[in-house]
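Have the viewer open as you read.

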Amino acid sequence: DDNLWIGTDGGGLYMYSPKENEFANFLYNRDGNFTIADNSILTLYQGDDHIIWAGTVHGGISFFQNKTIIRHVPPDDLAFNKADIQGSEIMEASNGDIWLSAGRDGLRRYNPENGKVSVFIDNPADDNDLSGDIVLSLFEDDQSRIWIGTLNGGVNIYDTQNNNFLTVQDRFDSKAIFAIKKDEEGNIWVGSNSGIRVYDPNLKVKRKYSKETNLNLCSNVITSLYKDIKGEMWVGTALGLNVITKDTIKTYQSIKKDLSTLSGNRIISIAEDDDLSVLIGTYGYGLNRYNRSTDNFERIGKQEGLEGNIIGGIFLDKNHNAWCSTNLGLSKIYPDGTIENYDVKDGVQVFYGGTAIITREGEIAMG
């Protein structure tokens, strides 16, 4: 890779990148799991598969392997003012902008081409700005309007053409907005802690779903939404899974000893695989695959090779692999079922409730 590796006596290991004209320094940290074993380096050797071996004075041998190319956008470049364990929601807009939440400090719009950042925070004295500083969900509609679901400020809609926030019917009736999706008719479904509101393109409420009026709905706490290839809306809740069609509401819930049912009832992510099976991510109970022909579920967890058990997001790449953002990093599921996990030793940070997406350029963006 044309990098220059430099071992020092007490200063750790350095890697100089001529292309970037930058140094990276690797130092021993007794509290870290994947640090160099000692700061005094006696010898360096490049082995097979681009592995760099380092012989140290007191720590034995350390080795480094860079399996992926990871580009880091530091918090200062995103106007993140403070460290926050709250995981980021992230979305790529149709114009290439990356929208992501800033923990408990509002929302950011980032242009990867020029690095420009727009900051959206809630000013209590201004009724025309972002309402609610904790962003839980993001969605772009057909008119390039950005739907923003917050924890305490209801649903916000930002008009990117005119750079202003729009008035939405019943915007404050639901406080915590966990999921936003579009159906086959162009209506926007907003899932919250008080059921579902379906908005037409004019931002008026067209219909509602709640436990009180729709008895088959598992719960009023709607944690995820997904429209499948048939136009059916899959609804993940805190107490199970529903599939809403024009005429019916199907219900699926976990029966612990029945392995053909869901592994857990808190559903936080849903996606459709290339074989038209549906992938269901749970909070604490791993991944499930729904088979349409048998109308049952296959559980995918640690025994099958999936490291994390909180599946925050699911997406597919162009090679038909399914990716999951989890509480332990990223997991890649190949079409044959083989699973490869990426974590801190690969440079992938842990997701504290946040998600990852795949961009139009084929890059995985992780907030």
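Which residues lie nearest the centre of the second largest pocket?

## The second largest pocket

Glu-89, Lys-181, Gly-312, Gly-313 and Thr-355 lie nearest the centre, among the 49 residues that line this pocket. Its volume is about 1,600 Å³. A pocket here is an open set of points on a 1 Å grid over the protein atoms alone, where a 1.4 Å probe fits, with protein on both sides within 12 Å along at least five of seven lines; lining residues have an atom within 4 Å of a point. The volume is the space filled by probe spheres set on the points, which are joined across faces, edges and corners.

Several strands give two or more residues to the lining, including S7 (90–92), S15, S23 (267–272) and S27 (311–316). Strand S11 gives the largest share, 6 residues. Strands are DSSP runs of E with at least two residues, numbered from the N terminus.

## How to read the model

This is a predicted model, in which local features need pLDDT of at least 70 and side-chain atom pairs count only at pLDDT 80 or more, while totals for chains, interfaces and linings use all residues. Residues are numbered from 1 along each chain as its sequence is written, and side-chain values use heavy atoms, leaving out hydrogens and water.

## The largest nonpolar core

This core has 13 residues, and those touching the most other members are Trp-147, Val-155, Ile-157, Ile-180, Ile-188, Val-190 and Tyr-199. Strands S13 (155–159), S15 (177–182) and S16 (188–192) each give two or more residues to the core. A nonpolar core is a set of buried Ala, Val, Leu, Ile, Met, Phe, Trp, Tyr and Cys residues joined through side-chain atoms within 4.5 Å; buried means under 20% relative accessible area, exposed over 50%, and partly exposed in between (1.4 Å probe, protein chains only).

## Aromatic pairs

Now look for the rings: the structure holds 19 aromatic pairs. Rings of Phe, Tyr and Trp (its six-membered ring) pair if their centres lie within 6.5 Å, and planes under 30 degrees apart count as stacked, over 60 as edge-to-face and the rest as tilted. Trp-5 and Phe-64 make a tilted pair, because their planes meet at 45°, with centres 6.0 Å apart. Trp-5 lies in strand S1 and Phe-64 in strand S6, so this pair ties together parts 59 residues apart in sequence. Phe-64 is buried at 17%, whereas Trp-5 is partly exposed at 24%.

Trp-189 and Tyr-209 are stacked, 5.3 Å centre to centre with 20° between the planes. Both are buried.

Technical notes:
Helices (H or I, at least four residues) and strands (E, at least two) are DSSP runs, numbered from the N terminus.
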